[in-house]
Each structure stands twice: as C-alpha cells, then as structure tokens.
Amino acid sequence: MTTQHLSPAEFSHNEFDYIPDPFPFYDMMRAEQPAYLSTRIFGGAWLFFSYADCLQLMKDDRLSNSRAAVPLWFLPPGQREDFGDMISLFERWLAFHDGAEHSRNRRSANHSYMPFTEEALEPRIQSFVDELLDQADPAGFDLMSDFAFPLPAIVIADVLGVPVEAHPDLTRWTDDIAHLFGSTQVSVEHLRRTQVSTRELAAFLASPECVASSERQGGLLYQLGATQVHGHRFCQEDVVAQAALLLFAGVASIRYLIGNSVYALDHRPARERALLLSRDTAGPAVEELLRYCTPVQFVGRVAQQDFDYVTEGGAAAQIRAGQPVLLYVASANRDDARFDRAAELVLTRPAPNRHLTFGAGRHLCFGDPLVRQTTRLALGALYRRMPGLRVTEQSLNWNNNLGFHGFTALRVAHAAGARGGRPGTGGPRD
C-alpha cells in the first residue's frame with residue numbers, strides 16, 4: 001500500500017493493508033497527525049505516534065491501566081456479563097493495576113522472580129534452543145513452527161515449573177488471548193473461544209499436577225504464592241493470573257521478535273550477524289532488534305478524567321474520561337526526532353538504546369529480562385550453527401492483528417559454506 005493510500009480513518013489493527021509494513025503509515029502520522037481521534041477503534045480512541053508523546057503519556061497519572069474489558073466495549077452491556085469470568089482473571093493482572101495496588105503487586109512479583117537470574121536460567125534456555133535446532137533441517141525449515149513458536153512456551157513453562165510438554169496447549173491458549181488484546185475488531189465467536197481458552201489455561205495452572213510440579217522444582221508458579229513482601233502475599237487466584245500474564249505477554253513477544261529479527265537480518269553482512277555470537281556485542285544488538293523489530297506495536301491506557309493534552313508538536317487533543325488511548329511504541333521507536341538513522345537497523349547503536357518496546361515508568365514489562373535473554377540465546381545459536389541462514393523465496397504469512405506484529409510462517413534455509421550477506425546491502429525492511 002503506497003503512502004498516498006494510507007488513511008487514518010481506515011486504520012485498524014485488523015485491516016490487512018496496514019499489517020505487513022505499518023511503518024510508512026506511522027511516518028505519515030508522526031509528520032501530519034501525531035494525535036488522532038479514531039472513531040473506528042473502540043468507539044472513539046486517541047492514537048499517538050511520536051516518541052515524546054508516547055513517553056510522556058505512559059507516565060501520565062491521568063491515564064489508567066485498568067483496561068481489561070476494553071476489547072468487549074463493542075458489546076451491549078448485558079452481553080458483556082457473559083464474559084465476566086474471563087475479564088475477572090484479566091483484571092487480576094498486575095499490568096492492569098494502578099497506584100498503590102500496582103506497586104504492591106509488582107513488588108511481590110519482582111521478589112518472586114529473584115531466584116531466576118540470568119546465570120541460573122541460561123543453561124536451561126540454551127538446552128531448549130539446542131534441542132529444537134537439533135530437529136531442524138538446515139536444508140529448509142519453517143523458522144516459526146519449528147523453532148520460534150515452541151521455544152517461548154517451553155522456556156516460560158520451565159520457569160513456572162509446570163510440565164513443558166504442555167507447550168502446544170499453552171501456545172494455543174495464549175494465542176487466543178493475544179488476538180483479543182492485539183486486535184481492534186474481534187468477533188463474538190472469537191470472544192467465546194478466548195473465554196474457553198482462558199478457562200482451560202487457568203484450570204491447567206491451578207491443577208494439582210502443576211502446583212505440585214512447581215513446588216518440587218521451586219518454579220515461579222510456586223514462588224508467586226510462597227513469597228511474602230511487607231505482609232502481602234498473592235492469593236491462589238492472583239498466582240494463576242500473574243502466571244497467565246507472563247505466558248500471554250512472553251510467548252507472543254519472544255516468538256515474533258525472533259521471526260522479525262531473522263527477516264530483518266536476511267542478507268546483512270557476516271560481520272553484523274557475528275555481533276550476535278559474542279555476549280559483549282549481542283546485548284546491544286538485541287536492544288536494537290527490539291527497537292527496530294518491535295513485536296508488540298502499542299501500549300494501551302484509558303483516561304480517568306477529562307483533560308487537554310498538547311503534543312510535542314503543538315497539536316491539541318481533548319481527551320475525555322473513559323476514552324482509550326493507544327500509544328504506538330513501534331512508531332515511537334522509528335522517530336527521527338529521538339533516534340539517529342531511525343529507519344535503519346544499526347546493530348552497533350550506542351547504549352543506552354532508549355526504545356519504548358517494554359514501556360516506560362512504573363509499568364515496564366514484567367517479563368522483559370526473559371524476552372531479552374531468550375532472544376539473545378536463540379539468535380546466537382541460529383547464526384552460530386547456520387551462518388548462511390537465509391529467508392527463502394515465499395509469500396509472507398503475517399499474524400492476523402497488528403498489535404502482535406510478526407510472522408505465522410517463515411521458511412528459511414542454510415546455504416552451506418556461506419560467509420554472510422552482500423557487503424553494504426540491507427535487509428528487506430531497510
């Protein structure tokens with residue numbers, strides 16, 4: 001879709017024309033309408049696209065994270081009640097809490113996670129990466145179904161201390177939830193399917209098998225319930241909810257980041273891919289991939305009160321209580337006003353790389369260390385084993401919503417004896 005055909009009035013997360021490459025649309029909006037009131041999205045939502053505005057509004061206490069029920073707002077009030085049990089679980093997520101409640105729950109979650117250091121997790125994650133790649137055919141395989149899809153569910157199940165063999169079910173359940181929160185248009189049929197998936201996920205995490213397994217291993221599911229901080233301890237329902245949150249957010253983020261990164265790195269020079277092979281250079285390279293290949297495109301809020309907001313460029317936005325506010329971090333991450341060579345993948349970009357992929361302020365993503373570490377180990381192993389890895393000629397298959405941006409399939413192959421890409425050429429997205 002060419003820039004002249006991009007229309008903010010037609011934009012939604014489920015309009016396919018915007019999904020493969022949303023960045024020209026984001027560029028246009030930053031330049032022409034950095035604050036836009038969309039009547040198509042959630043009955044009237046404010047959309048923001050610049051780095052300065054996204055950063056400022058993420059920290060604005062007039063905006064609330066209490067948005068668990070926003071995807072249901074298109075339903076009549078009576079019909080929303082049919083999904084009350086599903087929404088009740090989502091409302092327990094610490095990501096949807098504000099103020100003192102959020103601080104208390106975040107503190108408990110952080111203390112629960114303390115045993116899971118990078119040093120403790122690295123051998124386990126590496127073993128899962130190696131096991132999956134051992135089964136991949138270098139002559140040609142689907143990076144997504146054979147590697148990027150199973151890996152994050154396996155890793156997070158292992159951290160939780162629940163059976164990793166359940167990873168196909170965990171992927172299916174969390175995919176339904178991700179589609180709900182990544183979309184701006186969902187069907188009642190999908191809502192019902194997501195409700196079933198949410199029930200099954202909660203039942204699995206609360207099952208005697210999972211509880212006993214996690215306690216035996218000292219997994220995070222057990223730690224969430226056993227950790228007490230300043231007299232506060234998660235109840236069983238909250239334990240299940242936070243575990244479900246980690247699965248929902250982590251599975252999709254890691255999966256699409258791996259796929260997007262391999263696509264962006266296709267035909268990059270060998271010296272650039274080599275940056276992912278050394279721990280000293282892999283960290284900054286992954287931060288740049290997080291910026292450039294942003295898997296979760298936006299952060300959502302809901303206005304708690306009426307207020308007028310003036311953008312960095314001087315545009316006025318009359319935000320009213322109850323209106324959703326969508327902050328497009330993927331657009332902010334490509335903002336020339338914040339990043340030098342913002343539209344380019346620069347794997348040697350100096351630290352600190354202040355991308356907004358994991359949010360900002362008090363609501364930084366709880367699972368961000370696990371996303372970074374798993375991605376670093378996955379990409380390092382891929383290019384160490386297959387330095388000539390290439391994306392093969394194919395029709396690209398994209399996920400069906402823009403909120404979680406990435407591929408559902410991506411065929412790759414290792415060209416034996418290859419030494420890297422053509423010097424001076426960029427990847428397909430440059």
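**Reading the backbone and the packing**

A: Let us begin with a position in a loop. Pro-352 lies in the loop between helix H16 (329-332) and helix H17 (368-385). Please keep in mind throughout that this is a predicted model.

Q: What kind of peptide bond joins Ala-351 and Pro-352?

A: The angle to read is omega. Between Ala-351 and Pro-352 omega is about 0°, and the peptide bond is cis.

Q: Is Pro-352 buried or exposed?

A: One reads the relative accessible area, and a residue counts as exposed when that value is over 50%. Pro-352 has a relative accessible area of 51%, so it is exposed.

Q: Which residues other than glycine have a positive phi?

A: Two cases may be given. Phi of Phe-42 is near 55°, and this residue is found in the loop between strand E1 (35-38) and strand E2 (45-48). His-230 has a positive phi of about 50°; its loop runs between helix H12 (220-226) and helix H13 (236-265). His-230 is also exposed, with a relative accessible area of 71%.

Q: How should I read the packing of helix H15 (residues 279-292) against H17?

A: Read the angle and the distance between the axes. H15 and H17 pack at an angle of about 115°, and their axes are 10 Å apart. An angle of 65 to 115 degrees counts as roughly perpendicular, which means that H15 is roughly perpendicular to H17. The crossing of the two helices is right-handed.

Q: Which residues make the contact between H15 and H17?

A: On the H15 side they are Arg-279, Ala-282, Val-286, Glu-287, Leu-289 and Leu-290; on the H17 side they are Arg-372, Thr-375, Arg-376 and Leu-379.

Q: At what angle do H13 and H17 pack?

A: The angle is about 40°, with the axes 10 Å apart. H13 and H17 are therefore oblique to each other. Their crossing is right-handed.

Q: Which residues of H13 and H17 meet?

A: H13 contributes Ser-253, Ile-254, Leu-257, Ile-258, Ser-261, Val-262 and Leu-265, which meet Leu-370, Val-371, Thr-374, Thr-375, Ala-378, Leu-379, Leu-382 and Tyr-383 of H17. This contact holds eleven nonpolar, four polar and no charged residues.

Q: What is Phe-147 in contact with, leaving aside its neighbours within four places in sequence?

A: Phe-147 is in contact with Val-129, Leu-132, Leu-133, Asp-142, Ile-258, Ala-378 and Leu-382.

Terms used:
Residues are numbered from 1 along each chain as its sequence is written. This is a predicted model: local features need pLDDT of at least 70, side-chain atom pairs count only at pLDDT 80 or more; totals for chains, interfaces and linings use all residues. Side-chain values use heavy atoms; hydrogens and water are left out. Helices (H or I, at least four residues) and strands (E, at least two) are DSSP runs, numbered from the N terminus. Buried means under 20% relative accessible area, exposed over 50%, partly exposed in between (1.4 Å probe, protein chains only). Axes are lines fitted to C-alpha atoms, for helices over the stretch in contact, and angles run from 0 to 180 degrees between N-to-C directions. Angles under 35 degrees count as roughly parallel, over 145 as roughly antiparallel, 65 to 115 as roughly perpendicular and the rest as oblique. A crossing is left-handed if the near helix is turned anticlockwise from the far one by less than a right angle, and right-handed if clockwise. Contact means heavy atoms within 4.5 Å. Ala, Val, Leu, Ile, Met, Phe, Trp, Tyr, Cys and Pro count as nonpolar, Asp, Glu, Lys and Arg as charged, and the others, Gly among them, as polar.
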